[in-house]
Amino acid sequence: MKTKFYLLFLIAGLFCNGNVSGQCLPFVDADSSQFIFTGSPTTGAALNWVNTTLVRGNIMYFGGHFLTLGQNTGHFAAVDTARGMLQGHATWPQINGSVYKAIPDGAGGWIVGGSFTMAGDSLRNNIVHIDASNHVTAFNPGSDNSVKSLLIVGSSLYVGGDFKHIGGIAKNRVAKVNLTTGAVAAWNANADSTVADMEYLNGKVYAGGYFTNIGGLARKCIAKLDTTLGAASVWNASATGASVRTIAIHAGILFAGGDFTNMGGAARNNAAALDTGTALANGWNPNVGGQVNKIFHNGATLYIAGSFGSIGTAGRNSFGEVDSAYGDTTAFNPVAPITYSSPYWIAPYYNDIIVSGNSIYLGGSSFYTAVGTYGTPFYCYLLKIDIPTSALFPKWCLSDEEVHTLGMSGGKLFAGGDFFELGYKIRHWAAAIDIVADTIASWDPEPSDEVYCLAAGPSKIYVGGALSGGGPGTYLTGEFILSTDPVTGLPDSFD
């Protein structure tokens with residue numbers, strides 16, 4: 001749906017330099033880190049290209065037909081929470097396939113699971129440990145199919161997903177391995193279908209997924225397992241439906257979300273709260289009108305994300321907030337219903353939630369937010385929301401494909417998914433990179449249309465093309481050359 005344009009930039013200096021230039025410089029195809037320009041999802045073919053480049057000091061400027069600029073990151077990467085700028089890109093080991101789950105290792109690193117074969121230069125089948133120094137460790141159990149859930153309990157790592165072997169040992173879709181050595185334990189819960197999520201409480205592992213048998217007993221979508229043998233307990237919530245996709249435990253209560261109509265002996269649509277002793281549903285009943293992918297606690301409230309149009313009687317566009325006592329929907333509704341009717345629009349679909357300070361971060365699938373001076377719709381797979389004001393942060397942090405998992409560590413937001421670029425920026429027709437720091441520059445003149453020519457003056461960058469104006473918050477007409485500040489891109493005059 002979107003065309004990507006990969007740019008390689010090392011030898012640009014052979015063609016351009018920091019001297020004052022009075023000519024329109026052509027596009028230079030060079031060799032360095034990969035930067036990616038993308039077009040608009042509303043244009044059908046979504047064509048994008050670069051017409052002209054210019055180097056001034058450490059900054060390389062681009063003009064052409066594109067709407068975003070990002071860097072090739074692989075499928076797991078980090079951004080800072082303030083500006084959405086890519087972090088640790090130079091030393092981070094790129095993962096070459098989809099990442100479905102990532103959890104902190106407790107020492108500044110990450111355990112990452114998904115569907116991949118490489119992490120940096122290391123062969124790793126579907127699971128990898130990356131330490132706090134961004135190095136792939138020797139931990140290497142390896143599985144023969146995707147890993148979708150991870151849970152650390154003491155020195156053990158519980159792994160769930162679609163695999164039938166891990167560490168070369170037959171284990172159906174769930175296993176227990178040593179967190180340091182990767183050695184597979186005798187523990188054998190033996191699920192007959194996908195294990196999608198796990199939580200721990202009081203010496204027991206609670207597993208949710210698509211299974212009908214686990215731990216040696218018939219258990220539909222959710223079960224309570226011992227940590228010694230993997231046997232299922234008598235605890236039986238008897239779900240009716242297709243899946244439990246998320247489990248959250250708070251104050252001794254288990255909250256489950258997924259695709260079901262009955263749970264714990266009560267009618268519950270896609271979300272329920274269960275007693276961890278009796279497996280019976282309590283009075284919490286948000287009655288979600290579609291699939292739930294994530295339940296996240298935030299004090300006295302819970303955030304629910306997935307693919308749905310309502311919570312209770314309130315319309316909600318795949319994300320909402322409810323109280324933890326009864327599941328009543330609150331007034332908080334930052335993601336308003338979307339009315340955009342392009343044939344390329346796909347309904348929002350959220351997979352994960354992280355809350356940090358006064359901000360909510362949402363990762364998911366194909367949805368868009370209108371950003372930029374001209375209100376252009378963009379596919380946007382990672383959102384930041386301000387809790388006090390319910391405001392979205394336009395132009396903050398985006399990825400180019402689905403985000404499956406989110407995590408927070410050291411003031412950085414980590415994301416994993418199907419994407420190739422994390423932290424890309426909205427850049428209408430003109431953009432710049434710092435060729436020393438290997439980052440996207442702040443220069444953002446935001447012209448109104450395609451740029452054909454760039455030229456440098458002593459203290460200005462001149463932008464020429466089909467534009468009729470530019471600058472954040474402005475729309476000026478009747479001009480074809482834009483004079484901009486070389487750092488911010490703000491226009492100050494027209495020639």
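## An all-strand chain, from totals to one threonine

Of the 495 residues in the protein chain, 56% count as buried. Keep in mind that this is a predicted model. On the secondary-structure side, the chain has 45 strands and zero helices.

| Property of the protein chain | Value |
|---|---|
| Share of residues that count as buried | 56% |
| Share of contacts between residues at least 6 apart in sequence that join residues at least 24 apart | 47% |
| Accessible surface | about 18200 Å² |
| Share of accessible surface belonging to carbon and sulfur atoms | 53% |

Four strands make up an open sheet with antiparallel pairing, and their order is 3-4-40-41. Its edges are strand 3 (49–56) and strand 41 (439–440), each of which pairs on one side only.

What joins strand 40 to strand 41? Strand 40, covering residues 430–434, pairs with strand 41 in the antiparallel sense over two bridges. At this pairing, Asp434 stands opposite Thr439 of strand 41.

Next, a look at a single residue. Thr484 sits in strand 44, which runs over residues 481–484. Is Thr484 buried or exposed? Its relative accessible area is 0%, so Thr484 is buried, the cut-off for that label being under 20%. The side chain of Thr484 also has a partner: a polar contact of 3.2 Å links it to the side chain of Trp443.

Note on methods. Residues numbered from 1 in each chain as written. Predicted model: local features only at pLDDT ≥ 70, side-chain atom pairs only at ≥ 80, totals over all residues. Heavy atoms only, no water. Buried < 20%, exposed > 50% of the residue type's maximum accessible area, 1.4 Å probe, protein only. Contact = heavy atoms within 4.5 Å. Areas by Shrake-Rupley, 256 points an atom, 1.4 Å probe, with all protein chains shown as cover. Pairing = 2+ DSSP bridges. Polar contact = N/O pair within 3.5 Å; in protein donor to acceptor, adjacent residues only side chain to side chain.
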